[in-house]
Amino acid sequence: MTIPGFVDLQVNGYAGIDFLAPETRVADILSVAARLRNEGTAGFLLTVTTNDRQAIETNIAHAREAMRQQGPEGNILGIHLEGPFISPEYGYRGAHMLQYVIPPDLDWFLHLQEIAEGSIRMVTVAPEIDGALAFIRAVSPTVLVSLGHANPDYATLRAAIAAGLSTV
């Protein structure tokens, strides 16, 4: 059986290149994409994690430019925004920096989607935080909404699924 390659929904960087590091540039992203392709990753979502707004905006712009340069045959399939709309609770937050964790902000997300030219394909959200259900309802028709870095109770989880949450 021949497998053409794997698709990874969360790649934060590779081979010493961190996609959120301020020094990471488009050429670095393209280098990672080429290495991943050579090692069996046919496609991936470039993941941008919780950080200050300017860093997230810059990294999304770099990701979009890398996608433009690689062309339609490239293996960067889109952007995964992992945070900052996650639980601030210790343990659930993981390695995400508390000072940058915020409630869902639909206007800012739409601004990020403009920077990305519609390339944000997935967003990780904690459904128990204020405003999350409305956010999920608003973005789920066009973006895969994933539960992550979260601690919802059962009723909140069910409500989030009804609102459009579709992966974990």
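Arg-68 is partly exposed, with 41% relative accessible area (buried is under 20%, exposed is over 50%, and partly exposed is in between, using a 1.4 Å probe and counting protein chains only). Glu-117 pairs up with Arg-68 in a salt bridge, and their closest N and O atoms are 3.0 Å apart. This pair connects distant bits of the chain: Glu-117 is in the loop between H3 and E6, Arg-68 is in helix H2, and 49 residues separate them. Through shared partners, salt bridges join Arg-64, Glu-65, Arg-68 and Glu-117 into one network. For a salt bridge, a side-chain nitrogen of Lys or Arg has to be within 4 Å of a carboxyl oxygen of Asp or Glu.

A quick word on the model: it is predicted, and local features need pLDDT of at least 70, side-chain atom pairs count only at pLDDT 80 or more, while totals for chains, interfaces and linings use all residues. Residues are numbered from 1 along each chain as its sequence is written, and side-chain values use heavy atoms, with hydrogens and water left out. Helices (H or I, at least four residues) and strands (E, at least two) are DSSP runs, numbered from the N terminus.

**Along helix H2.** Helix H2 takes in residues 53-70, which is 18 residues, and it spans 26 Å from first C-alpha to last, close to the 26 Å expected at 1.5 Å a residue (the expected span is 1.5 Å times one less than the number of residues). At its start, a side-chain oxygen of Asp-52 comes within 3.0 Å of the backbone nitrogen of Gln-54. Just past its end, Gly-71 has a positive phi of about 80°.

Which parts of the structure cover the buried residues of H2? The cover includes helix H1 (26-38), strand E4 (41-49), strand E5 (76-82), helix H3 (106-115) and E6. Among the buried residues of H2 are Ala-55, Ile-56, Ile-60, Ala-63 and Met-67.

The structure holds four salt bridges. One of them joins the side chains of Asp-105 and Arg-53 (3.1 Å, N to O). Asp-105 is in the loop between E5 and H3 and Arg-53 is in helix H2, so this pair ties together parts that are 52 residues apart in sequence. Glu-65 and Arg-68 also meet through their side chains in a salt bridge (3.0 Å, N to O). These two both belong to helix H2 and sit three residues apart, about one turn of the helix. In general, an α-helix has 3.6 residues a turn, so residues three or four places apart point the same way.

Here are some partly exposed residues from around the structure:

| Residue | Relative accessible area |
|---|---|
| Arg-53 | 38% |
| Glu-65 | 28% |
| Asp-105 | 23% |
| Glu-117 | 47% |
| Ala-15 | 45% |
| His-149 | 22% |

**A buried threonine.** Is Thr-124 buried or exposed? With a relative accessible area of 5%, Thr-124 is buried. Thr-124 belongs to strand E6 (residues 120-125). Its side chain makes a polar contact with the side chain of His-80, at 2.7 Å. A polar contact is a pair of N or O atoms within 3.5 Å; within protein, one must be able to donate a hydrogen and the other to accept it, and residues adjacent in sequence count only if both atoms are side-chain atoms. If you skip neighbours within four places in sequence, the residues in contact with Thr-124 (heavy atoms within 4.5 Å) include Leu-81, Phe-85, Ile-86 and Ser-146.

**Out on strand E1.** Phe-6 is in strand E1 (residues 6-11) and is exposed, at 56% relative accessibility. Setting aside neighbours within four places in sequence, Phe-6 touches Gly-40, Thr-41, Ala-42 and Gly-43. Val-7 is in strand E1 too, and Val-7 is exposed at 56%.

Most residues other than glycine have a negative phi, and most peptide bonds are trans. Ala-15, however, has a positive phi near 55°, and this residue is in the loop between strand E2 (13-14) and strand E3 (17-18). His-149 has a positive phi near 50°, in the loop between strand E7 (144-147) and helix H5 (154-163). What about the peptide bond from Gly-83 to Pro-84? That bond is cis, with omega near 10°, and Pro-84 is in the loop between E5 and H3.
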